[in-house]
Amino acid sequence: MYNQHLYELGLAPSVIRELFSYGIQKAAEVGAENIYDYSIGNPSIPAPAPVNAAIKNVVDEIESTVLHGYSMAPGLVGTRDAVAANLKKRFGGDITGNDIFMTCGAAPALIMTMKALAVSAESEVLAIAPYFPEYKCFAENCGVKLRVLPADTAHFQVDLAALEGMITPETCAIIVNSPNNPSGVVYTEETLKGIADILTRKGKEYGHTICIIADEPYRELVYGDVKVPFIPNIYDNTIVCYSWSKSLSLPGERIGYVYVPKKCTDADAIMKAVSAAARVIGHVCPPTLIQRVIEVCVDEMPDLKAYEENRDLLYQSLTEMGYECAKPDGAFYLFVKAPNGNDWEYSEKAKLEHNLLVVPGSVFECPGYMRLSYCVSNDMIKRSLPAFQAMMDKIKK
Ligand code: PLP
């Protein structure tokens, strides 16, 4: 006996993982240098040196049963205080360690937050296409309906009029992911203020708050002078789900947090519900070792030079070939229009004919586009360019 629904979910292939596995298998046949794998978002820059130094230090200095022991469920006091001090320094506001709940990355943070906000089985959470496809599984876990706002393919910002029309009395939250996976676009202050106005208006109309869940694993991955607005400074009822997976290149260490601002309506109750949600899903506490490391490395920033060079090379080369894409200001993704209009066909042909692995935009509910993860070597990008050109030439013929 087993759960039929989960069994079927287990059978459903993850397109991204399948492409990634294909690349590994094919590399054994044709050589890794002949595979151009843009499938997966695994950081390719090393964690900053102080992070590795801190790992060594905590191993040397902290007694083993303490270092490898449980922490309190919301996380270590020192780590939560350090996170709060960092946020306060950068974004202002009345933030203390009690407003922070440490998690094993953004994924459980999002699940806990959705669970904490969902009022009933009728509750709805909105996502904005293109979006991280795991939101679907997370919402399902929380027993809420995920409704998706179609993509604004003109600029990959948000179609505010359409958003307003989608909100119902059952809407409890909207997930806002900026810099965005998969478009790489940073939502402007104007877009975020527009969302905030709508939520304020609709919240008054329906007599309850509608939260923004700010999904922020890419907050620090932003290029040039572009600023990522801090959403709690724009809309009070914002709950932040953060992760160091991408910013410090630590996805395997599983560390992040939920931040519930005090000014959020029912902040205390929401924090208690987040903490109960953690229990319900068996999220005991993140590893103590990595919490200790974050405590001392919380002010570290990634060196984005390699990603920025990759973005510039890929964006410039592809647009010169005639590909169209919104210039990404953040994250490490490029979201390119499939020149033949068919993302599945382009992805399949590119894979079979050129060992070029790109993810169809349909996976992110945005057909006709393809996601390229450029957290790869600059050399691989250079070697892959003839394959992109050959694909374009065939389509133009
Ligand atoms: N949200 C987005 C938009 C992501 O791209 C990812 C991971 O790729 C996550 C959440 C989950 O991140 P984490 O590794 O912190 O669980």
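Reader: Quick one to start: are Glu216 and Arg219 buried or exposed?
Author: Glu216 is buried, and Arg219 is too. Buried stands for under 20% relative accessible area, exposed for over 50%, and partly exposed for what lies in between (1.4 Å probe, protein chains only). Bear in mind that this is a predicted model, where local features need pLDDT of at least 70, side-chain atom pairs count only at pLDDT 80 or more, and totals for chains, interfaces and linings use all residues. Residues are numbered from 1 along each chain as its sequence is written, and side-chain values use heavy atoms, with hydrogens and water left out.

Reader: What do Glu216 and Arg219 form, and how far apart are the closest N and O atoms?
Author: They form a salt bridge, with the closest N and O atoms 2.7 Å apart. A salt bridge here is a side-chain nitrogen of Lys or Arg within 4 Å of a carboxyl oxygen of Asp or Glu.

Reader: How many salt bridges does the structure hold?
Author: There are 19 salt bridges in the structure. One of them pairs Asp299 with Lys89, whose closest N and O atoms are 3.2 Å apart. Asp299 sits in the loop between α11 (288-297) and α12 (305-321) while Lys89 belongs to helix α5 (residues 77-91), so this pair ties together parts 210 residues apart in sequence. Helices (H or I, at least four residues) and strands (E, at least two) are DSSP runs, numbered from the N terminus.

Reader: And how exposed is that pair, Asp299 and Lys89?
Author: Asp299 is partly exposed, at a relative accessible area of 44%. Lys89 is exposed, at 58%.

Reader: Which side chain does Lys337 meet in a salt bridge?
Author: That would be Glu324, at 3.9 Å from N to O. Lys337 is in strand β9 (residues 333-337) and Glu324 in the loop between α12 and β9, so the pair ties together parts 13 residues apart in sequence. Lys337 has 35% relative accessibility and counts as partly exposed.

Reader: Which residues of α2 are buried?
Author: Ile16, Leu19, Tyr22, Gly23 and Lys26. Viewed down the axis of α2, the buried residues fall within an arc of 120°, so they line one face of the helix. That arc is taken over the directions from the helix axis to the C-beta atoms. On the other side of α2, Arg17, Ile24, Gln25 and Ala28 are exposed.

Reader: What do the buried residues of α2 pack against?
Author: They pack against α13 (343-354), β10 (356-357), β11 (359-360) and β12 (369-373). Just after α2 comes Gly31, with a positive phi of about 95°.

Reader: Ok, Leu163. Where is it, and what is it in contact with?
Author: Leu163 is in helix α8 (residues 160-166). It is buried, with a relative accessible area of 0%. Leaving aside neighbours within four places in sequence, Leu163 is in contact (heavy atoms within 4.5 Å) with Leu126, Leu149, Ile174, Ile195 and Ile198.
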